[in-house]
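Okay, thanks for making time, everyone. I have one structure to walk through today, so let me put it up on the screen.

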Amino acid sequence: MESGCQTLPEEQISSAKRILKAVKAIYPDEDANEEPIEPLDSSASHATLLERSERLLRPRAETGDPQAQFLLGLVHFEKHHYAEALEAFNSIKDQDPQALYQLGVMHFDGLGTPADPALAVEYMRRVSQSSSPQAGHIKYAALYNIGQAYLEGYGVPVSSTEAERYWLQAAADGNPDASVKAQSSLGLLYSRPELLDLKKAFSWHSEACGNGSLESQGALGIMYLHGQGIRKDMESGLYCLRRAAERGNVYAQGHLVAYYYHQKIYSKAVGLAKRISEYQDICAIARETECLPEFVAKGIAMALFYYGRCLQLGHGTPQDRAQAELCFTKAVKLDSKVCKELQMDITLGKL
């Protein structure tokens, strides 16, 4: 499973500064004699903050303090010292569901150990069933990951119905403190042929969007524009699409290109499509926006195809058939299905 795991909540693990803040809050006496550090954004500052955390934690961890062992494991994880992180988390996995969760992530992704998806799912199940107060929000994240494993058949048999079951638990009726990823994923799941229910898809995308999901905001725009699961509403559709596009949702950007083209606002279509056509690192965009790489690729493919069509016909830009062919070729490499549908539109005189 391609790092599809939802990581621990941001406040617990996402940065060296947060780890150090946690260390200082739990062990203020150890930090009393330390020189203050001005937090910088440079990689050197990141390394310095981690070293300081490790220096404060190691004596406590060596006495068997489980909190210190967990935080030290996070420091090793942040430093990509995965063997040391694995050792730290393994030492307390039966006491701390947070450590068990991190081990699940590492076994999913093969970090510091050969990938073992079946074991990873088992660890996630244990976290989801934990009654420990430390489980907190990570129970929802664990349930989301189990659902993702079932959708992909990673360590468990492929089952969209099992994915649905676990994601419904993770989504917790739209609770903003639960897994927003699960809420958005349910919106996508109910748009798939095997569980098609566009009203449910719209409902879950609405919940996820209200809880901050950029992916679902773009999906809502498309559903409003085309009347999928909801009455057609161009104004609401364009509002959602534009807001999502401004926030970096590439799939929404691709659909905006299509909208501008069909409204014959060719200069806007060309300007936006040209910018999207220059995107390079799909995985980096997906990580930054928390949108699925598949839909990032679809958005770029759409933009390239429409840009190619504008170049081919001279709409909003000087005609350049050779450049148009390059755009079409790049688009097909990114998503042949999207291109096949758009080519059919050309054949039917719709594009």
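First things first: what you're looking at is a predicted model. In terms of secondary structure, we have 20 helices and zero strands. The C-alpha trace spans about 75 × 45 × 35 Å along its principal axes. There are 351 residues, and 50% of them count as buried. The exposed surface comes to about 17200 Å², with carbon and sulfur atoms supplying 50% of that. And if you take contacts between residues at least 6 apart in sequence, 53% of those join residues at least 24 apart.

Okay, let's zoom in on helix 11, residues 180-189. How many of its 10 residues are buried? Eight of them, so helix 11 is largely enclosed by the rest of the structure. If you want to click through them, the buried ones are V180, A182, Q183, S184, S185, L186, G187 and L189. And what do those buried residues pack against? That would be helix 9, which is 138-152, then helix 10, helix 12 at 198-210, and helix 13.

Let me stay with the helix 10 partner for a minute. Helix 10 covers residues 160-171, and its axis comes within 8 Å of the helix 11 axis, with the two crossing at roughly 145 degrees. The crossing is left-handed. On the helix 10 side you have S160, E164, W167, L168, A170 and A171, and they meet A182, Q183, S185, L186 and L189 from helix 11. Sort that contact by class and you get seven nonpolar residues, three polar and one charged.

R165 pairs with E162, with the closest N and O atoms 2.9 Å apart. Both residues sit in helix 10, three residues apart, so to speak about one turn of the helix.

Now over to helix 13, residues 214-226, and in particular M223. Which residues does M223 touch, if we leave aside its neighbours within four places in sequence? The list is L198, A201, F202, H205, Q228 and I230. There's also G237, 14 residues away from M223 in sequence, and the C-alpha to C-alpha distance there is 7.2 Å.

Back to charges. The salt-bridge count for the model comes to nine. One of the bridges I'd like you to look at is E54 with K79, at 2.7 Å from N to O. E54 is in helix 4, residues 43-62, and K79 is in the loop between helix 5 (66-78) and helix 6 (82-92), so this pair ties together parts that are 25 residues apart in sequence. E54 is buried, with 12% relative accessible area. And the pair belongs to a network of salt bridges that links E51, E54, R58 and K79.

Then there's K298 with D335, where the closest N and O atoms are 3.0 Å apart. K298 lies in helix 18 and D335 in the loop between helix 19 (321-334) and helix 20 (336-347), so here the bridge ties together parts 37 residues apart in sequence. Are these two buried or exposed? K298 is buried at 13% relative accessible area, and D335 is buried at 12%.

Last topic, backbone angles. As a reminder, most residues other than glycine have a negative phi. Where does this model have a positive one? One case is A172, with phi near 50 degrees. Another is E290, which isn't a glycine either and has a positive phi of about 60 degrees. You'll find E290 in the loop between helix 17 (282-289) and helix 18 (293-313). At 59% relative accessibility, E290 counts as exposed.

Key: Residues are numbered from 1 along each chain as its sequence is written. This is a predicted model: local features need pLDDT of at least 70, side-chain atom pairs count only at pLDDT 80 or more; totals for chains, interfaces and linings use all residues. Side-chain values use heavy atoms; hydrogens and water are left out. Axes are lines fitted to C-alpha atoms, for helices over the stretch in contact, and angles run from 0 to 180 degrees between N-to-C directions. Helices (H or I, at least four residues) and strands (E, at least two) are DSSP runs, numbered from the N terminus. A crossing is left-handed if the near helix is turned anticlockwise from the far one by less than a right angle, and right-handed if clockwise. Contact means heavy atoms within 4.5 Å. Ala, Val, Leu, Ile, Met, Phe, Trp, Tyr, Cys and Pro count as nonpolar, Asp, Glu, Lys and Arg as charged, and the others, Gly among them, as polar. Buried means under 20% relative accessible area, exposed over 50%, partly exposed in between (1.4 Å probe, protein chains only). Accessible areas come from the Shrake-Rupley method with a 1.4 Å probe; for residues, only the protein chains shown count as cover. A salt bridge is a side-chain nitrogen of Lys or Arg within 4 Å of a carboxyl oxygen of Asp or Glu.
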